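Q: Please guide me through the reading of a metal site, a pocket and some local features in a structure.

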Amino acid sequence: MQNLSVRIFPDPILQKQSKEVDNIDEKIVKLTKSMIETMKDSDGVGLSAPQVGILKRIFVCRDFSDEDKETFLILINPTIIDYQGRVESKEGCLSIPGFYEYIYRYEKINMKALDINGEEQNFHSDGQQSIVFQHEFDHLNGILFPERMTQIKKEIFLKRINKAFK
Ligand SMILES: [Zn+2]
């Protein structure tokens, strides 16, 4: 198991664009396993590769259809196919520990991604699953959840976290 550490705001890597994975080799398989372990250890529901310092378009998250919280999803090179509705969502982030705020997300989202076997899969989601997909997808584009706040809310929030993570 690779030892991964979660990058904390304002680590500049969190604002970088991740690159597509062109070959799902043994290294990628190992990385996703370690990401799932790191996410579980941190009590998170999702984790993206850039959050552990690797600029690849990969994220892992809980499968919310499993009430036992034992199943996880791995999405590689995900794209948003379509979306619907708007919901308010109280979010936090393993890279901004201890801070939560309400933002708006799409209510339902349809994503396409490769699974760990390189097979293309469709992921229809709503509820918490949809929120986590959008949050993690944003990480692959260097977007942290404060970017989804209204301007005033964002300024206040950034002031608070800039002070906390100096
Ligand atoms: Zn996050």
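Q: Which residues coordinate the zinc ion?
A: Donors are N, O and S atoms within 2.8 Å of the metal (3.2 Å for Na, K and Ca), and water is not among the atoms, so sites may look incomplete. Here the zinc ion is coordinated by Cys-93 through SG and by His-135 and His-139 through NE2, at 2.0 to 2.3 Å. Along the chain these donors follow the spacing C-x41-H-x3-H. This is a predicted model, in which local features need pLDDT of at least 70 and side-chain atom pairs count only at pLDDT 80 or more, while totals for chains, interfaces and linings use all residues. Residues are numbered from 1 along each chain as its sequence is written, and side-chain values use heavy atoms, with hydrogens and water left out.

Q: Why are His-135 and His-139 separated by about one helical turn?
A: Helices (H or I, at least four residues) and strands (E, at least two) are DSSP runs, numbered from the N terminus. His-135 and His-139 are about one helical turn apart because they stand four residues apart in helix α2 (residues 127-140).

Q: Is His-135 buried or exposed?
A: Buried means under 20% relative accessible area, exposed over 50%, and partly exposed in between (1.4 Å probe, protein chains only). His-135 is buried, at 8%, and His-139 is buried as well, at 2%.

Q: What is the volume of the largest pocket, and which residues lie nearest its centre?
A: Rolling a probe the size of a water molecule over the atoms shows where empty space is left. On a 1 Å grid over the protein atoms alone, a pocket is an open set of points where a 1.4 Å probe fits, with protein on both sides within 12 Å along at least five of seven lines; lining residues have an atom within 4 Å of a point. Grid points are joined across faces, edges and corners, and a volume is the space filled by probe spheres set on the points. The largest pocket has a volume of about 410 Å³. Its lining holds 22 residues, and Val-45, Glu-91, Gly-92, Cys-93 and His-135 lie nearest the centre. Two of these names, Cys-93 and His-135, also belong to the zinc site.

Q: Which element gives the most to the lining of the largest pocket?
A: Helix α2 does, with six residues.

Q: Where is the cis peptide bond?
A: The cis bond joins Phe-9 and Pro-10, with omega about 5°. Pro-10 is in the segment before α1 (26-41).

Q: What is the phi of Asp-43, and what is that of Asn-77?
A: Asp-43, although not a glycine, has a positive phi of about 60°; Asp-43 is exposed, at 73% relative accessibility. Asn-77, also not a glycine, has a positive phi of about 50°. Asn-77 is found in strand β3 (residues 72-84) and is buried, at 11%.
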